[in-house]
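User: I would like a close look at a single part of this model, followed by a connected account of what surrounds that part.

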Amino acid sequence: MTGIAVIGTGYWGKNHVRTYSELANDGVIDNVKICDLDEKRARELGEAFNIEYLTDYKELISDPKIDAVSIVTPSATHSQLAKEFMEAGKDVLVEKPMTMNAEEAEKLVKISEDTGRILMVGHIFRHHPAVKELKHRIDLGEFGKIQQISSNRLSFGAPRKDMGVIYALGIHEVDMFCHLMDRDYPDTIFAATSRCLQSNIEETAMITMDFGGIRTYALESWLMPAYGKQRDLVVVGSEKTAKIDYLKPQELQIFDIRIAEQDYDGNTAFNVENEGSYTIPIPYAEPLKEELRHFIKCVEDRFTPISGGSIGQRAVVMAEAALESARTGMVVSFI
Ligand SMILES: NC(=O)c1ccc[n+]([C@@H]2O[C@H](COP(=O)([O-])OP(=O)(O)OC[C@H]3O[C@@H](n4cnc5c(N)ncnc54)[C@H](O)[C@@H]3O)[C@@H](O)[C@H]2O)c1
C-alpha cells in the first residue's frame, strides 16, 4: 500500500487532500500527509481531515512512509520540487502547467527517465468520464470525419497574478485537441489575446490550431460575466456532433445532424439532415478522483500514466507557442 503527500494546500491542493483522504478511508492508500508553507492553512486542513501536516517539504523527501507526492504549489515552483522529489526516489504527480517553460519541462521528463520515477501531470480532462467515452466513440468512427472542434472556458473573477489564461486554462485545450485528433502537435498554432487588467498577463485568449486543414478553436477568459462558469467542448463530425459540458462528467450529448451535399442538375446544394439529439448517460465519477486513482495505480503497478510527463511537456511547448504567436501576431508552425 502507498503513502502519499500533498505539497501545497491552497485553492486546488485542498481538493487533492480531500480526495486522497477519501481514498485512504476507502483503503486505497494507507498514509496521507500534507505540507504547506502557510502553517495556518496546513493546520486547519490537517485538523479538518485528521491528517498529519508539516510546513517544510524537505522532511517528506527523507520520509520512508511517503512513496509519492502531489505537487500543487504555484506553477513556477513545480520544476524544482518535482526534480528534488524524483531524485530522492519519490514518484510525482505535478499539477498543470507542468512547468512555466519548455526547457524545464524537458528536464523533468529526462529526470523521470533517468531515475525510473513516475512523472504524471494533472491534465484532469484526460481522466474525465465523458471525454473517455467521446474519445472511444471518435476512434470507432461514430462521428465520421472530424470537421471542427471548439471549446469555451469562461468565467468572471479576480485574475491570477502568476500566469495568464493560456498557461492556466488554454493548457487544457491544447492537450485535449491533440488527444482527440490523435496527434502529438498540431500543424500550426495562432493565438490572439487581450490584457486589460495587467500589462503582462492576458485575461482572454482565442487559440486556434490547425490539424491538416481541420481547425480547432479555444476561447479562454476570466473576464466574461455573461455566461456564469462555462466549460464546454464541441466536436463536429461529418456524421454526428458531440458536446461535453465539463461540469457534468456523467453526460455526453450527441446531435444526430449533418450537412449533406446533393447534386441537382449539375448544381450542388447543401441539405441539413437533422435526426434529433440525445444524451448518453455515463456512470458518475469525479474526474479528480479518477486522476488520483490512476496515479496510485501507476505508482503501484509501474506503468506510464495516461497523462504522463511527455504529455505535460508537449502542452507546455504549445502554450509557449501560443504566447509567442500572440506576441508576434504570427502563426507558429510545428511542421
Ligand atoms: N488541474 C486543474 O484543474 C487545476 C485547477 C486549479 C489550479 N491548478 C494548478 O494547481 C497549482 C496550484 O494552484 P492554486 O490555485 O491552488 O494556488 P494557491 O496559491 O491557491 O495555492 C498554492 C499553495 O502552495 C503553497 N506553497 C507554495 N510553495 C510551497 C512550498 N515550497 N512548500 C509547501 N507549500 C508551498 C502556498 O502556501 C499555497 O498554499 C497551480 O499549478 C495551478 O495551475 C490546477
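How many bridges join β7 to strand β11, and in which sense do the two run?

Analyst: This is a predicted model, in which local features need pLDDT of at least 70 and side-chain atom pairs count only at pLDDT 80 or more, while totals for chains, interfaces and linings use all residues. Residues are numbered from 1 along each chain as its sequence is written, and side-chain values use heavy atoms, with hydrogens and water left out.

Strands β7 and β11 (residues 230-237) run antiparallel and are joined by eight bridges; strands here are DSSP runs of E with at least two residues, helices are runs of H or I with at least four, and both are numbered from the N terminus. Two strands count as paired if DSSP finds at least two bridges between them. Within this pairing, Q148 has V236 of β11 as its bridge partner.

Strand β11 also pairs with β12 (residues 241-245), over five bridges and in the antiparallel sense, and three residues lie between β11 and β12 in the hairpin that they form. From A242 to F255 the C-alpha to C-alpha distance is 6.2 Å, although 13 residues separate them in sequence.

Returning to β7 (146-154), the loop between this strand and α7 (165-181) holds F156, which counts as exposed because its relative accessibility is 55%. Together with L197 and L223, F156 makes a nonpolar surface patch of about 290 Å². Such patches consist of residues with over 30% relative accessible area and no salt bridge, with nonpolar side chains (Val, Leu, Ile, Met, Phe, Trp, Tyr) joined within 5 Å and like charges within 9 Å; a salt bridge is a side-chain nitrogen of Lys or Arg within 4 Å of a carboxyl oxygen of Asp or Glu. Accessible areas come from the Shrake-Rupley method with a 1.4 Å probe, and for residues only the protein chains shown count as cover.

As for the ligand, an N or O atom in the side chain of R160 is 3.1 Å from one of its oxygen atoms. The ligand taken alone exposes 860 Å², of which the protein buries 84%.

Technical notes: Buried < 20%, exposed > 50% of the residue type's maximum accessible area, 1.4 Å probe, protein only. Polar contact = N/O pair within 3.5 Å; in protein donor to acceptor, adjacent residues only side chain to side chain.
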